[in-house]
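Reader: I'd like to learn how to read a predicted model. Could you walk me through a feature or two?

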Amino acid sequence: LPLFGENSHVLFEFPLYQITASLVSEIFRIDPVIAARLTGLAIFQFSAFLLLLLNKKYFDKKNELVLIVFYQFLPFGLFYGHAPLGEFLPVTFMYLAALLSRGRSREKQGAFVVISVLLVTLAFLTKVTSAVALTPLLLLKIVNSPKIERKFVSFRTGVSLAAGIAATVVWNNHADKLKELNSYTE
C-alpha cells in the first residue's frame with residue numbers, strides 16, 4: 001500500500017518495519033506478505049534471545065526455560081510473533097538499549113549514550129506504546145550499581161527518552177500533515 005500522498009494509508013508509527021520487510025522481499029525476491037511474516041518472525045525470535053540475555057544479566061538463570069516457553073507460547077507471542085506487523089521491533093530496540101552497560105572510558109560511555117539514544121528513538125518511532133511500556137528496563141542497571149554508575153544510567157535514560165519523545169512528536173506532526181492530503185484521513 002502507498003504510505004504517502006493522496007491515496008495513501010499513513011501509518012501512525014514510522015514505517016521502519018515495513019521498510020525492512022520490503023528490503024527482505026526485494027533482496028530474496030519473495031512475496032511481500034511472506035517477507036513481512038518472515039521478518040516479523042525473525043525479529044520476534046531475536047527479541048526472545050535478547051530477553052534471555054537480559055534475564056542472564058539481571059535475574060536468575062534457572063528460569064530460562066520457563067521464560068522462553070512463556071515468551072514463545074503465551075497468546076501475544078503466538079498471535080503476533082509471526083504476524084506481518086512490527087510489534088516486536090520496538091521490543092527488540094528496548095531490549096538492546098537495556099543491555100547496554102556503562103563503559104570504562106569516556107569514549108565508551110559516550111558511545112553507549114549515542115547508541116541508547118538511537119535505539120530508544122527507533123523504538124519510540126516504530127511503536128510508542130511499546131517503548132513507553134518497556135522504559136523501566138532502561139533503569140535495571142540502577143538496582144545493584146554504585147552511585148557514579150546510577151548517575152550515568154539515569155542520564156542515559158533521560159537523554160534517550162527525551163530524544164525518543166522529540167522524534168515521535170516530529171514524526172506525528174509530519175504524518176498528520178500527510179493525512180490532511182487524503183480525504184479519508186483529513
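Reader: Which helices each supply at least two residues of the patch?

Author: Helix H3 (64-73) and helix H4 (75-80) do.

Reader: Now the overall fold, please. How many helices and strands does the chain have?

Author: Eight helices and zero strands, so the pattern along the sequence reads α-α-α-α-α-α-α-α by the DSSP runs. The C-alpha atoms fill a box of roughly 55 × 35 × 30 Å along the principal axes.

Reader: And how do helices H6 and H8 pack, at what angle and how far apart?

Author: For a helix pair, look at the angle, the distance between axes and the handedness. Helix H6 (residues 106-126) meets helix H8 (residues 147-179) at about 35°, with axes 8 Å apart. Their crossing is right-handed. The contact includes Phe112, Val117 and Phe124 of H6, and Phe155, Ala163 and Trp171 of H8.

Reader: What kinds of residues are in that contact of H6 with H8?

Author: The contact residues comprise 14 nonpolar, six polar and one charged. Gln109 of H6 and Arg156 of H8 are also among the residues in contact.

Definitions and conventions: Residues are numbered from 1 along each chain as its sequence is written. This is a predicted model: local features need pLDDT of at least 70, side-chain atom pairs count only at pLDDT 80 or more; totals for chains, interfaces and linings use all residues. Side-chain values use heavy atoms; hydrogens and water are left out. Axes are lines fitted to C-alpha atoms, for helices over the stretch in contact, and angles run from 0 to 180 degrees between N-to-C directions. Helices (H or I, at least four residues) and strands (E, at least two) are DSSP runs, numbered from the N terminus. A crossing is left-handed if the near helix is turned anticlockwise from the far one by less than a right angle, and right-handed if clockwise. Contact means heavy atoms within 4.5 Å. Ala, Val, Leu, Ile, Met, Phe, Trp, Tyr, Cys and Pro count as nonpolar, Asp, Glu, Lys and Arg as charged, and the others, Gly among them, as polar.
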